[in-house]
Amino acid sequence: MKNTTHTFRIGISCLAWGALCILPLSAQDAPDVGPHPAVPRPKMESHIGNVTGHSDSSRAHYDYRRYCAGCHGDLGDGNGENAQWIDPKPRDFSAAVFKCRSTPTGTLPTDDDLFNTIGRGVTNSNMPVWNTFDPQQKADLIAYIKTFSPRWEKEKAGQPITIPPEPPVTIESISHGKALFTKLECWKCHGPQGKGDGPSAATLTDSKDQPIRPYNFAEGGNDSRFKCGSTNQDIYRIFMTGVDGTPMPSFADTIQPNDAWDLVHFLRTLQVHRHSKENDVLKAAGGKIPPYVEKEAPAAQPPSGPAGGGK
Amino acid sequence: MRTCNPCIAVAVVILSPTLMLAGTISGKVTYTGTPVKQKPISMAKEPSCEKQHPTPITTETVVTGANNTLENVVVYISAGGDEANAPSQAVTFTQKGCQYLPHVIALHTGQELHVVNGDQTSHNIHPMAKANPEWNKSQPPGAPPIVQKFDNAEFISVKCQIHPWMHGWFAVLKTNHYSITGDGGAFSLPNLPPGKYTVAAWHEDYGTQTQDITITGNETKSIDFSFKAKAY
């Protein structure tokens with residue numbers, strides 16, 4: 001009789017404190033602190049060099065909730081509690097659309113791309129440089145964010161674009177780059193001086209219908225960076241792959257590789273406060289970019305080729 | 001008798017495609033209420049396009065015709081049809097005068113799409129896909145067509161961000177039986193073997209309606225759709 005009463009009392013208290021009775025049993029891995037219940041997620045991996053990241057490591061779960069969820073949200077949908085204060089908005093991992101890729105537009109980035117983004121941070125946004133994470137932590141987090149979209153189970157990362165070696169910077173390559181900047185109408189958004197004030201700039205919205213500004217090349221000092229890196233190779237990669245989820249399209253189908261390097265050289269000169277070999281070449285040429293003279297068969301003989309140095 | 005009809009239908013379909021019974025579903029799409037007034041588009045920022053439109057074109061979110069008919073409605077077989085393969089012929093989507101021609105296209109999953117730039121200005125083609133990869137490509141004047149495919153069915157909003165007034169739709173379907181209403185709001189879905197079908201009508205602003213209908217032989221069945229106009 002005494003036993004029965006005791007069991008009955010536990011039963012009653014479990015009914016009354018239902019949540020407390022069930023929670024410790026169902027959430028054994030790690031406490032689920034967010035407003036949303038934990039959902040079963042696929043087990044994903046990432047591979048960066050010889051480091052393998054695991055989405056189900058308790059560290060990934062902890063790190064994501066401790067460092068990422070505040071902005072990117074518990075469900076990875078970019079709706080963390082800080083998101084309302086942030087512009088541009090945090091990435092929505094459930095859409096699996098990423099800005100900084102080495103892969104063609106519309107494809108998933110490589111694990112290395114995501115690794116670089118975490119280590120680099122995203123200029124002009126609230127995404128900081130995560131120097132504090134060791135490679136294993138970053139790899140685990142990359143595997144973890146793959147659990148938010150089924151795309152990672154169905155698709156492979158795109159094939160990274162090929163970047164040919166950079167030809168030397170010449171005033172001709174800068175001049176041809178400027179002609180491309182005009183012809184491809186980069187200035188429609190980025191402005192004639194690259195100040196982000198082109199005629200279409202004010203109307204731009206990202207894929208979530210949020211207003212977004214085109215990159216202002218002229219802003220910033222000697223340490224100015226692009227969203228997806230700071231080297232000439234990074235600039236090349238940005239306009240050839242496009243910045244997915246934003247109005248910035250891919251030019252891979254429309255710019256020949258050598259032409260692309262000429263455009264890179266010109267874009268550097270728009271960074272007026274940044275020291276660069278391009279600005280040195282421009283200064284040596286008198287500070288003015290000469291008009292570009294169309295050569296015959298530009299595809300067969302790129303203007304930036306070694307024979308082109310007319311001086 | 002009741003059990004025989006489908007047998008005959010199946011036998012006819014398999015054995016003699018030339019003698020195949022084929023019905024047609026046709027009708028009209030209309031609206032009730034007052035649609036929102038479409039706004040004139042200023043292309044002052046793109047003179048090469050502006051001069052192609054002596055009378056400014058308007059937005060095309062709701063395009064109506066006489067007698068309350070509704071255009072740009074994609075009417076298609078959403079259930080019951082054969083999920084036939086994509087036709088080998090490509091569907092063309094043209095940018096001309098900084099306008100998408102036509103405003104809405106429909107294509108089969110896996111069917112080739114050719115995006116053509118007929119303008120003297122660069123466009124960027126940015127389909128805001130959700131179920132398919134979201135890509136965004138630049139297309140300067142004179143560039144070859146952009147060739148793409150979509151593997152999953154969905155209605156994709158397409159934008160050019162250089163010219164923010166440019167907006168269109170890709171209706172990616174799992175069927176070749178579709179019809180987009182034009183002037184007069186009429187549609188026709190021919191070559192339907194006997195069977196039970198669900199016909200869906202999709203409009204970019206008014207959403208989707210469906211109706212079930214059965215085709216028993218060589219017949220034309222008429223159905224109409226009516227959408228309630230949104231005030232804004």
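This is a predicted model: local features need pLDDT of at least 70, side-chain atom pairs count only at pLDDT 80 or more; totals for chains, interfaces and linings use all residues.
**View 1. Elements of chain A.** The secondary structure of chain A consists of eleven helices and two strands. Chain A has 311 residues, and 41% of them count as buried. Among contacts in chain A with a separation of 6 or more, 66% are between residues 24 or more positions apart.

**View 2. The two domains of chain A.** The domain assignment divides chain A into domain 1, residues 45–154, and domain 2, residues 171–308. Taken over C-alpha atoms, the centres of domain 1 and domain 2 of chain A are separated by 28 Å. Where do the domains touch, in terms of residue numbers on each side? In chain A, 16 residues of domain 1 are in contact with 19 residues of domain 2. On the domain 1 side, the touching residues are six nonpolar, six polar and four charged.

View 3. Helix α10 of chain A covers residues 257–270 and contains A:Trp261.

**View 4. An open sheet in chain B.** Four strands of chain B form an open sheet with mixed pairing, in the order β4-β3-β6-β9. Which strands are at the edges? The edge strands are β4, residues 100–101, and β9, residues 146–148, each of which pairs on one side only. In general, strands of a sheet pair through backbone hydrogen bonds, in a parallel or an antiparallel sense.

**View 5. Pairing of β6 and β9 in chain B.** Strand β6 of chain B spans residues 113–117 and pairs with β9 of chain B in the antiparallel sense. Three bridges join β6(B) and β9(B). For B:Leu113, the bridge partner in β9(B) is B:Gln148.

**View 6. Where chain A meets chain B.** How many residues of chain A are in contact with chain B? On the chain A side there are 23, in contact with 19 residues of chain B. By class, the chain A side that touches chain B has eight nonpolar, ten polar and five charged residues.

Terms used:
Residues are numbered from 1 along each chain as its sequence is written. Chains are lettered from A and ligands numbered from 1 in the order in which they are written. Two residues are in contact if their C-beta atoms, placed from the backbone, lie within 7 Å. Ala, Val, Leu, Ile, Met, Phe, Trp, Tyr, Cys and Pro count as nonpolar, Asp, Glu, Lys and Arg as charged, and the others, Gly among them, as polar. Two strands pair if DSSP finds at least two bridges between them. A residue is buried if 20 or more other C-beta atoms lie within 10 Å of its own, exposed if 12 or fewer, and partly exposed in between; C-beta atoms are placed from the backbone. Domain bounds come from an automatic or database domain assignment.
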